[in-house]
Amino acid sequence: MNAFWPTELEKQVSSSSNHHTGMSVETLKQAFLDNLFFVQGKPVTLATKHDYYMALAYLVRDRMLDRWNGTAESYTKNRSRTVCYLSAEFLMGPHLGNNLINLGIYDQVRQAIEELGLDLEELLSQEVEPGLGNGGLGRLAACYLDSLATLEVASLGYGIRYEFGIFEQEICNGWQAERTDKWLRYGNPWELIRPEWSIEVKFGGHTQPYHDEEGQYRVSWVPNRKVLGIPYDTPILGYQVNTANTLRLWKAEAIESFDFEVFNQGNYYGAVEEKVSSENLTKVLYPNDEKLAGQQLRLEQQFFLVSCSLQDMFRILAGQDIPVKQFHEKFAIQLNDTHPALASVELMRLLVDEHHLDWSLAWEITQKTLAYTNHTLLPEALEKWTVGLFSRLLPRHLEIIYEINSRFLDLVRMRFPKDAARIERMSLIEESGERYVRMANLACVSSHRINGVAELHSELLKQTVLKDFYEMFPEKFCNVTNGVTPRRWIALSNPELTKAITKRIGSGWLKNLEEIQQLEHWARDASFQEEWREIKQSFKRELSNQIHQQYGVLIDPASLFDVQVKRIHEYKRQHLNVLHIVTLYSQLKQNPQREITPRTFIFAGKAAPGYYMAKLIIKLITAVGQMINQDPDLHHQMRVIFLPNYNVTNSQRIYPLSDLSEQISTAGKEASGTGNMKFAMNGALTIGTLDGANVELRDAVGADNFFLFGMTAEEVKKLKLQGYRPWDIYQTNPALKDAIDLIISGHFSQGDRSLFKPLLDKLLYYDPFMLLADYQSYIDCQQKVSEAYGDQRHWTEMSILNSARSGRFSSDRSIQEYCERIWQISPSPVKLGDYIQMERPLGVNEKRCGQGKS
């Protein structure tokens, strides 16, 4: 038999039995064993659990590749309009379990693995999570990629392949300690490197004007440094569809990684200096930018991302024979916050300097291509970079920014004559003191759409940080409330709950979460309530056992699990939660006979390494927890736990067990929040302010099923204007004064009265996030929570209704709204045939255009 060409009999073999695509249990078992032997190079006698995980990962990836290749071919053939989602973060979470669900082979794989004598859960636990994000921003991007594929929308996610991601958090003596996140230590089975699509990125140098052959004025950028951007592609599979889109992450490498001549001169470090310098660019997620070197590296990262991504789009454009003037018809670029805002300037440079379009046409294309999502209401969080840094690092881009700004301010003057203050505020350049480039202003000017991420957030943007731009361009502004994917946050995280829901209403809800509303009919059903409670109790028992084993703390699984898990920040007000805990503690110590609803308070989250106040909040939580957990009088009433290293993996275990979700940020400070949605989907009740998406969540689940407290955003604004005096509240509220005085006294810090002084002084004399103003309302609301939890039938009914009414918070709905309101794009379904690769004549793609792995 010819070794290269299949016989007719072989051609007739169906894809279901193919080693790489077959889905039968026997085929899966054989493929697993073959991968262990031929890919991992391990006999069973030497294989580790990680080897088994890798063999299974390659098995699953093989079954994604026909969809991935088919998607690439379809997009290329049809020249499909494509969404390019640019984000500095993609917090994807573990891939294996999610891919098993989206492929629809979770049960078959479990059976195959069990028949081989292994445990699927153990293999799933071997996956090292890619820590390529800091929190909500990166996790939102990951949910959106899942939904884009599920809705069959042609898309590319563009980001950076950080060698070391967000740090691993340890708690040492109550303090956060950061450890290097070596997520690539054992390799990544989900990615494929594409060196043939490498991109050259320039930095520094100077510009040089000249006239081209037609006498047109042009500018050439003469850099003094270049690096290569190497693309690493990961397939992103949709749920129960053939579409597999691509996440393309860029790694920086040197143009010449080794200087042989310098090495031979004995300068061994100098021989690899360029390699080290270039690769530092993508070493770490969010380098500390308190010093100039960190600021430069962060700006370099942002430009590297947009330059690689845009040049890649031009490669695709050329490969599909699409004229440059139709760039905006082929691509819709979404800027996920201001980190990729330089895309507008780089796109203008490529269009004007490289492709020689006139300025007006290039600007029209740029504006029609770009859209900007704002994620913050905090003015200090809007990025800006010094003009000096820009001029050294990106001299041509600074010239382009000046030109954009000049033309834009002329428009402002025409629209608002004699309004110098407005011109100063809207300028792309901040002129007061040291001069800065304002990235949010740049994003607003160069985008055709600007969206907030919750109804309240979008309205506050128009009234506060982007007010001038709304008055100038009201037609640009719209809202798209964030969402999360139910595939990961219910189906994967909570499989027993998924089965219980599917048993009652069918399986369609996982693709159309609005269907989960049918669950309302079961909210008062006694047997369903019992099953619902038992599912949550099983998660609570599991965590209780784990905490006892690891920390020696006994927890009552029947207690109310009161959970606040999110990035540690003053505006998220974890210390308000602590004040409630200390208030309860103080009351119980003063009156040991007092009965309260037993509670287990659970915290998790990371503080930015340079954010001392956030780290001090962690120390306060752990110090209070240590005192309470060691007090025998409180054994059956209170426990306080801080779970370290909060990430996607750990969050999947936390949401299903939570009874109460703490969403207690100051009204008007949180853009949206997505943890609130994940909690609600899993049946947790929310205690929260009217902030971010809490407003819409309360509207969806019903006011009776949401514990509301605190001031509104308007009341916060009014109180600040009146002159907020937190010291007066401290002096006139005995319970609050007692709690704060107990902390001041050193009771939780081994007598050290100075430890928490910076945190408490800020509360007493400044309190920018108004904890003390909301304290009594919060305490009163927590009492209502305790009373409600005492009626388990009613509590369970509210829990079921929270889940049943969470349908609008699917990221599928969010993506549909982006498609309609911003991108103007329709689905591009992918059809697949049987996989018989060798039936096709072989050829060479000289254009190097492949979109899909565009």
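**Notebook: rings and a sheet**

I started with Tyr52, which is buried, with a relative accessible area of 12%. I count that as buried because the cut-off is under 20%. A reminder to myself: this is a predicted model.

Next I looked at the aromatic pairs, and the structure holds 25 of them. One of them is Phe32 with Tyr52, a stacked pair with 6.0 Å centre to centre and 25° between the planes. Which parts does this pair tie together? Phe32 lies in helix H2 (residues 25-39) and Tyr52 in helix H3 (residues 49-78), so the pair links parts that are 20 residues apart in sequence.

Then I jumped to Tyr789 and Trp795, an edge-to-face pair: 5.0 Å centre to centre, with 85° between the planes. I noted Tyr789 as buried, with a relative accessible area of 9%. Trp795 is buried too, at 3%.

I also found a group of rings. Tyr85, Tyr144, Tyr818 and Trp823 form one aromatic cluster.

Arg422 lies over the face of Phe416, and I noted 3.9 Å from the ring centre. Arg504 lies over the face of Trp522, at 5.5 Å from the ring centre.

My next stop was a sheet. How many strands form this open sheet, and in what order? I got 6 strands, in the order S20-S19-S18-S21-S22-S23, with parallel pairing. At the edges I found strand S20 (638-643) and strand S23 (706-708), each pairing on one side only. On average, neighbouring strands of this sheet are turned by 20° against each other, direction ignored.

I zoomed in on strand S19 (residues 599-604), which runs parallel to S20 and is joined to it by 6 bridges. I picked out Phe603, whose bridge partner in S20 is Phe642.

Last, I looked up which helices go with the sheet. Helix H25 (residues 612-629) lies across S19 and S20, and runs at about 140° to S20. Helix H28 (residues 694-701) packs on the sheet as well, where I saw that H28 touches strand S21 (660-663), strand S22 (685-688) and S23. The direction of H28 makes about 135° with that of S23.

Definitions and conventions. Residues are numbered from 1 along each chain as its sequence is written. This is a predicted model: local features need pLDDT of at least 70, side-chain atom pairs count only at pLDDT 80 or more; totals for chains, interfaces and linings use all residues. Side-chain values use heavy atoms; hydrogens and water are left out. Two strands pair if DSSP finds at least two bridges between them. Helices (H or I, at least four residues) and strands (E, at least two) are DSSP runs, numbered from the N terminus. Axes are lines fitted to C-alpha atoms, for helices over the stretch in contact, and angles run from 0 to 180 degrees between N-to-C directions. Contact means heavy atoms within 4.5 Å. Rings of Phe, Tyr and Trp (its six-membered ring) pair if their centres lie within 6.5 Å; planes under 30 degrees apart count as stacked, over 60 as edge-to-face and the rest as tilted. Buried means under 20% relative accessible area, exposed over 50%, partly exposed in between (1.4 Å probe, protein chains only). A charge sits over a ring if NZ of Lys or CZ of Arg is within 6 Å of the ring centre and within 35 degrees of the ring normal.
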